[in-house]
Amino acid sequence: MKTTNEMKLSFPSRSCNEAFARTVTAAFIAPLDPTVSELSDLKTAVSEAVTNSIVHGYRRAGGMIYITGKITEDRRVIIRIRDKGVGIADVKQAMEPLFTTAPEEERAGLGFAVMQSFCDKVRVTSRLGQGTSVTLEKRISDA
């Protein structure tokens, strides 16, 4: 499917930049005139992925987060959030609801479940010591 718009963004893995990522995502998809629900869903999913990079990927030690976005002619939004952090040993286990690697921070372990509930498709790839990539896909209605 043909790409009609795209973006690239990088920023330090600081908690204050999570809101920045949400705002950029909202501005990027605004030309599609999404419903309030579609907009909220995608912003929340991006927020969860960025938070995962900060808390789990870099373990709050710092690093860069990279976001790319594409909009296709059939109104699919594809957002990829990537870090170069510690990686995930078992992606399948990490995607299970309530699983967390940061219980000391009182994390609920629902980040991936939230992403999956708000997006049409969520793909996670990871390599230990090299980082994690989360790709979120959501079609914006044309109604």
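The buried residues of helix α1 are covered by elements that include β1 (3–12), α2 (36–57), β2 (64–72) and β3 (76–83). This is a predicted model, in which local features need pLDDT of at least 70, side-chain atom pairs count only at pLDDT 80 or more, and totals for chains, interfaces and linings use all residues. Residues are numbered from 1 along each chain as its sequence is written, and side-chain values use heavy atoms, with hydrogens and water left out.

**Overall layout**

- The protein chain has four helices and five strands; helices (H or I, at least four residues) and strands (E, at least two) are DSSP runs, numbered from the N terminus.
- Read from the N terminus, the order of elements is β-α-α-β-β-α-α-β-β.
- Of the 143 residues in the protein chain, 44% are buried, where buried means under 20% relative accessible area, exposed over 50%, and partly exposed in between (1.4 Å probe, protein chains only).
- Contact means heavy atoms within 4.5 Å; among contacts in the protein chain between residues at least 6 apart in sequence, 65% join residues at least 24 apart.

**Helix α1**

- Helix α1 spans residues 16–29, and its buried residues are Asn17, Glu18, Ala21, Val24, Thr25, Ala26, Phe28 and Ile29.

**Nonpolar core**

- A nonpolar core is a set of buried Ala, Val, Leu, Ile, Met, Phe, Trp, Tyr and Cys residues joined through side-chain atoms within 4.5 Å.
- The largest such core has 32 residues, of which Val50, Ile67, Ile81 and Leu136 touch the most other members.
- Two or more residues of this core come from each of β1, α1, α2, β2, β3, α4 (111–118), β4 (121–127) and β5 (131–139).
- The element that gives the most to this core is α2, with six residues.
- Leaving aside residues up to four places away in sequence, Ile81 touches residues including Val46, Ala49, Val50, Ile67, Val134 and Leu136.

**Aromatic rings**

- The whole structure holds one aromatic pair, formed edge-to-face by Phe11 and Phe20 at 5.9 Å centre to centre, with 90° between the planes.
- Rings of Phe, Tyr and Trp (its six-membered ring) pair if their centres lie within 6.5 Å; planes under 30 degrees apart count as stacked, over 60 as edge-to-face and the rest as tilted.
- Phe11 is buried at 2% relative accessible area, whereas Phe20 is partly exposed at 37%.

**Cysteines**

- A search of the whole structure finds zero disulfides, a disulfide being a pair of cysteine sulfur atoms within 2.5 Å.
- Cys16 is exposed, with a relative accessible area of 56%, while Cys119 is buried at 8%.
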